[in-house]
Amino acid sequence: MSAARACLVACGLLALRPAPGAAQQPVAPRDGQHDFDFEIGTWKTHLSRLAHPLTGSTTWVTYDGTTLVSKVWNDRANLVELEVDGTAGHIEGASLRLYNPDVRQWSLSFANSAVGTMATPTIGEFIHGRGEFYDQEMLNGRAIFVRFIIQPITPDSIRFEQAYSADGGKTWEVNWIAIDTRLEDDSVQGTARQQSDTSRSRPQQRSTKRDGQHDFDFEIGTWKVHNSRLLHPSTGSTTWIQFEGTSVARKVWNGRADLLELESDPPAGHAEGLILRLYNPQSHQWSIVFANSRDGILSQPAIGEFKKGRGEFLDLEHSNGRTILARSVLSDITPRSYRLEQSFSDDGGKTWEVNWISVHTRVGASGRD
């Protein structure tokens, strides 16, 4: 190696070497669990929607209405309730936003009251005050990318923009634009929610099937919960643990959905969870999803209905690496108490092992009072 080249190499290494005593401090990952704090409250919404996305159409329809955003888990999650009317009809929707502290990202899951099921969540985060979220969906039989952007304009106005891409993200077509303008501050949020519950009630189409859209009205309010959990389900274990908790249920869509917030203190430490229930007026069934605050991930929905005062909901889950059947049953319902029981079956439903029992006792007056 020539003297000149050796000097260049040595000088380069010296330039890259930290100065003596200048310890390199790792940059802490950004904690975004309060990214949506700015949005809590009530908003006036003007919505524009492209009528036929990715078809070359330039026809837009417009709606006007309100959006209510309320806290869940002390802002580490939130629920958005949207109701608008316009030239193309009525939209009533809800978006559940959950923060995953492990990956420091948010998942945004939307549901429309017309079908009562959760769409594929968009996943993303806020960078420099701008939220950007992505997912993959099906449109007209083809897989496309979806991008959702949240951009605060001022302290009292926000722009929401949804776009689709059919070419792997090379180009994007915007198909949904909403501008929200704040109506009220946080201090009147409770009043706004009460007004929303009473005003957002629209007649459902008549059907010969039983209409169960108010099946969970009995649960609205605050409850003391005694939990019993089988420590190791599907293993032959007979060891149960007991612990106490609370639950608070409130109406969404005037009872055609509800949100249940849970807190408990099992031996492993304090736990927070939520259950969102959505009524499908077409199938006359409920879709029920669960999430806990540790990972902010929604479970697969359990689907079912009430018959003769007993609710039964079924789904597929994983236990010990195996796919099993899961069943949740609500029974013994009175104005002051009810029982929730979860069971697993690893033989296709021939036999069931109960692994969770929660007995709920009402605190204070009924939610119907």
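**Hairpin, turns and pockets**

A: G124 stands opposite F133 in β7. Strands here are DSSP runs of E, at least two residues, numbered from the N terminus. This is a predicted model, where local features need pLDDT of at least 70 and side-chain atom pairs count only at pLDDT 80 or more, while totals for chains, interfaces and linings use all residues. Residues are numbered from 1 along each chain as its sequence is written, and side-chain values use heavy atoms, leaving out hydrogens and water.

Q: How do β6 and β7 pair?

A: In the antiparallel sense, over 5 bridges, with β7 covering residues 130-139. Two strands pair if DSSP finds at least two bridges between them.

Q: And how many residues sit between β6 and β7 in the hairpin?

A: There are 2, and H128 is in that turn. Phi of H128 is near 55 degrees, a positive value in a residue other than glycine.

Q: Is H128 buried or exposed?

A: Exposed, because its relative accessible area is 83%. The cut-offs, with a 1.4 Å probe and protein chains only, are under 20% for buried and over 50% for exposed, with partly exposed in between.

Q: Which loop residue is N74 in, I mean, between which strands?

A: N74 is in the loop between β2 (60-72) and β3 (77-86). N74 also has a positive phi, about 55 degrees, although it is not a glycine. At 55% relative accessibility, N74 counts as exposed too.

Q: Back to β6. What does it do with β5?

A: β5 (residues 105-112) and β6 (residues 122-127) pair in the antiparallel sense over 3 bridges. L108 has T122 in β6 as its bridge partner.

Q: New topic: what's the volume of the largest pocket?

A: About 1,500 Å³. A pocket is an open set of points on a 1 Å grid over the protein atoms alone, where a 1.4 Å probe fits, with protein on both sides within 12 Å along at least five of seven lines; lining residues have an atom within 4 Å of a point. Volume is the space filled by probe spheres set on the points, which are joined across faces, edges and corners.

Conventions:
Helix = DSSP H or I, 4+ residues; strand = E, 2+ residues; numbered from the N terminus.
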